[in-house]
Amino acid sequence: MIVGRFGVKSVILGSAVYYTIDKGVWKDSSTTSKLYEELEEGVSPYVGELKKQIPYELPPLPSNDRMTYLFKYYWNSGVKATFRFLIDLPTHATNAASKSYEFINSVIEPVEPAPRQDNEK
């Protein structure tokens, strides 16, 4: 069953790639712009009808200053997290190696049974 799903997904992906290549999406920008205009022209009547049927309004986009701030904030957070990971990598590697060593040693070395004590009085 897994092969079947993978096969269907592969066919869909391959068809999408073939279709975009055939239509010229991956060619120069003028061809892509022309294709976009044709797509927008063909879809716009349906989008207008859909907007009338769905009573949902999108909230306004954040201002450009807010977007810039958010982009910088999340970018810097990602960079800091990456370098924090790289700084801590030797410590994590050492801990992992010592725990692995201890585990392997405990599995390899037989545990000696405790001496038996008889309580005879």
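Mentor: By the ring-pairing rule, the count comes to three aromatic pairs. One of them joins Phe 71 and Trp 75, whose rings are stacked, with 6.2 Å from centre to centre and 25° between the planes. The pair counts as stacked because planes under 30 degrees apart fall in that class. Another pair is formed by Tyr 73 and Tyr 74, and this one is edge-to-face: the centres are 5.1 Å apart and the planes stand at 75°. Planes over 60 degrees apart are counted that way. The model is predicted, and these values are computed from it.

Now the setting of these rings. Phe 71 and Trp 75 both belong to helix H3, where four residues, about one turn of the helix, separate them. Both of these residues are exposed. Tyr 74 is also classed as exposed, because its relative accessibility is 56%, and the cut-off for that class is over 50%. Tyr 73 has 43% relative accessibility and therefore counts as partly exposed. Ring pairs also bring in Tyr 69, so that Tyr 69, Tyr 73 and Tyr 74 are linked into a cluster.

As for the helix itself, H3 covers residues 64-108, which is 45 residues. From its first C-alpha to its last it reaches 62 Å, close to the 66 Å expected at 1.5 Å a residue. H3 has a kink of about 45° at Asp 88, shortly before the proline Pro 90.

Methods:
Residues are numbered from 1 along each chain as its sequence is written. This is a predicted model: local features need pLDDT of at least 70, side-chain atom pairs count only at pLDDT 80 or more; totals for chains, interfaces and linings use all residues. Side-chain values use heavy atoms; hydrogens and water are left out. Helices (H or I, at least four residues) and strands (E, at least two) are DSSP runs, numbered from the N terminus. The expected span of a helix is 1.5 Å times one less than its number of residues. The bend at a residue is the angle between axes fitted to the seven residues ending there and the seven starting there. Rings of Phe, Tyr and Trp (its six-membered ring) pair if their centres lie within 6.5 Å; planes under 30 degrees apart count as stacked, over 60 as edge-to-face and the rest as tilted. Buried means under 20% relative accessible area, exposed over 50%, partly exposed in between (1.4 Å probe, protein chains only).
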